[in-house]
Structures are given as C-alpha cells and as structure tokens.
Amino acid sequence: MDVALFVTERCFIASINMADWYRQRTKIKFSLRLMIIIELKIDLEVCSLETCMYDHKTFSEILNRVQKAVGDLNLHSYSNLPIWANKLDMEIEPVLRVRLQAGLRAWTQLFLGQADDKAEVDMDTDAPQVSHKPGGEPKIKLEAQG
C-alpha cells in the first residue's frame, strides 16, 4: 500500500470524525442552553405562584405555562425528565399549600367577622415582595331576593 494514500485516507477519516464531533458538540451546547432557558422560565413561574393574585384563572395560567415548559423538555427528549418533574412537583406543592392555607384563613376570618385589612407581610428582606394578599381578598356578595 502506498504511504501517501494511507496517510490521505487516515486524514480524511479523522476530518469526518472531527466534523461529527463538532456537530455533536454544537447540538449538545444548543440542548443545554435550551434546557437552561426553559428551567429559568419554570423557576420564574414557580416564584410567581407565591405572590400572584389569588384566583383560579391566575393559578391556572401559571400552572399551564409550567406544564407547557415541561412538555417542551419532553419533546426534546431530555433524560431524567421524570425525576426532575417529581422534584418540580415537590417545589410547587408547598407553595400551593401555603396559598391554600392563607385562603382558608382569609375566608374563616371573613365569616367570623374578623376581616383583616392589612396585608400579610413577611419582614424577611429576602422574602418575595407580596403584591397580593396570600389568601386573596374574599368578599361575600349578597344578592337581593325579589
């Protein structure tokens, strides 16, 4: 076998392998960036559950955006998605539990005539700034009977 031909063939094979490696590297970088962006969006949505308006529409919109983002990760076939989704569920559950407990307290106070006009504010400087009362502002609508 001719040495020059042998070297040329090996260089060609090496260049193909380098091209494949570069394509894979580029694909991995893109996937990683996409995953980070989606995870940041989900983190923002989960944080917004802590301070959003206390109503069904708002909660539904936020949770639907979280579900869509998780669905996007699934479409891109990310590994360990079930484990990660379980962890996400465990992050969301306590937030919703706290909001539900605050809502129950607010309604109980209203029914007992102890409505509290001041917002429940956490004095912790690292706590998220509450723009809405955690339990909402329940109101009883009286309809005239006629």
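## Overall architecture

What does the accessible surface of the chain come to, and what share of it belongs to carbon and sulfur atoms? In this predicted model, the accessible surface of the chain comes to about 11,700 Å², and 61% of that area belongs to carbon and sulfur atoms. Of the 146 residues of the chain, 21% count as buried.

The secondary structure consists of three helices and zero strands, and the pattern read along the sequence is α-α-α. Among contacts between residues at least 6 apart in sequence, 68% join residues at least 24 apart.

## The largest nonpolar core

The largest nonpolar core holds 17 residues, of which Ile42, Leu73, Trp84 and Leu88 touch the most other members. Two or more residues are given to this core by each of H1, helix H2 (56-75) and helix H3 (81-111), and H2 gives the most, with six residues. As background to such an arrangement, nonpolar side chains in soluble globular proteins tend to be buried together.

Leaving aside neighbours within four places in sequence, Leu88 is in contact with Ile42, Val46, Val66 and Val70. With Ile42 the separation is 46 residues in sequence and 9.0 Å in space, taken from C-alpha to C-alpha.

Ile38 is found in helix H1, which spans residues 3-51, and at 6% relative accessibility Ile38 counts as buried. Ile38 and Val70 are 32 residues apart in sequence, while their C-alpha atoms are 8.1 Å apart in space.

Glu45 is likewise placed in helix H1. Is Glu45 buried or exposed? With a relative accessible area of 16%, Glu45 is buried, since the cut-off for that class is under 20%. Not counting residues up to four places away in sequence, the residues touched by Glu45 are Ile62, Arg65 and Val66, and Val66 is also in contact with Leu88.

Thr58 has its place in helix H2 and is buried, with a relative accessible area of 17%. Leaving aside neighbours within four places in sequence, Thr58 is in contact with Cys52 and Met53.

A search of the whole structure finds two aromatic pairs. In one of them, the rings of Tyr54 and Phe59 have their centres 5.6 Å apart and their planes at 85°, so the pair is edge-to-face, an angle over 60 degrees being what that class requires. The two partners fall into separate accessibility classes, because Tyr54 is partly exposed, with a relative accessible area of 25%, whereas Phe59 is buried, with a relative accessible area of 15%.

## The second aromatic pair and a nonpolar surface patch

How are the rings of Trp107 and Phe111 arranged, and what is the angle between the planes? Trp107 and Phe111 form an aromatic pair that is tilted, with 5.6 Å from centre to centre and 40° between the planes. Because Trp107 and Phe111 are four residues apart in helix H3, they are separated by about one helical turn. Trp107 is partly exposed, with a relative accessible area of 32%, whereas Phe111, at 58% relative accessibility, counts as exposed.

Trp107 and Phe111 also take part in a nonpolar surface patch of about 480 Å², which is made by these two residues together with Ile140 and Leu142. Leu142 lies in the segment after H3 and counts as exposed, because its relative accessibility is 79% and the cut-off for the exposed class is over 50%.

Conventions: Residues numbered from 1 in each chain as written. Predicted model: local features only at pLDDT ≥ 70, side-chain atom pairs only at ≥ 80, totals over all residues. Heavy atoms only, no water. Buried < 20%, exposed > 50% of the residue type's maximum accessible area, 1.4 Å probe, protein only. Contact = heavy atoms within 4.5 Å. Core = buried A, V, L, I, M, F, W, Y, C linked by side-chain atoms within 4.5 Å. Patch = residues over 30% accessible without salt bridge, like charges linked within 9 Å, V, L, I, M, F, W, Y side chains within 5 Å. Areas by Shrake-Rupley, 256 points an atom, 1.4 Å probe, with all protein chains shown as cover. Salt bridge = Lys/Arg side-chain N within 4 Å of Asp/Glu carboxyl O. Phe/Tyr/Trp six-rings, centres within 6.5 Å; stacked < 30°, edge-to-face > 60°.
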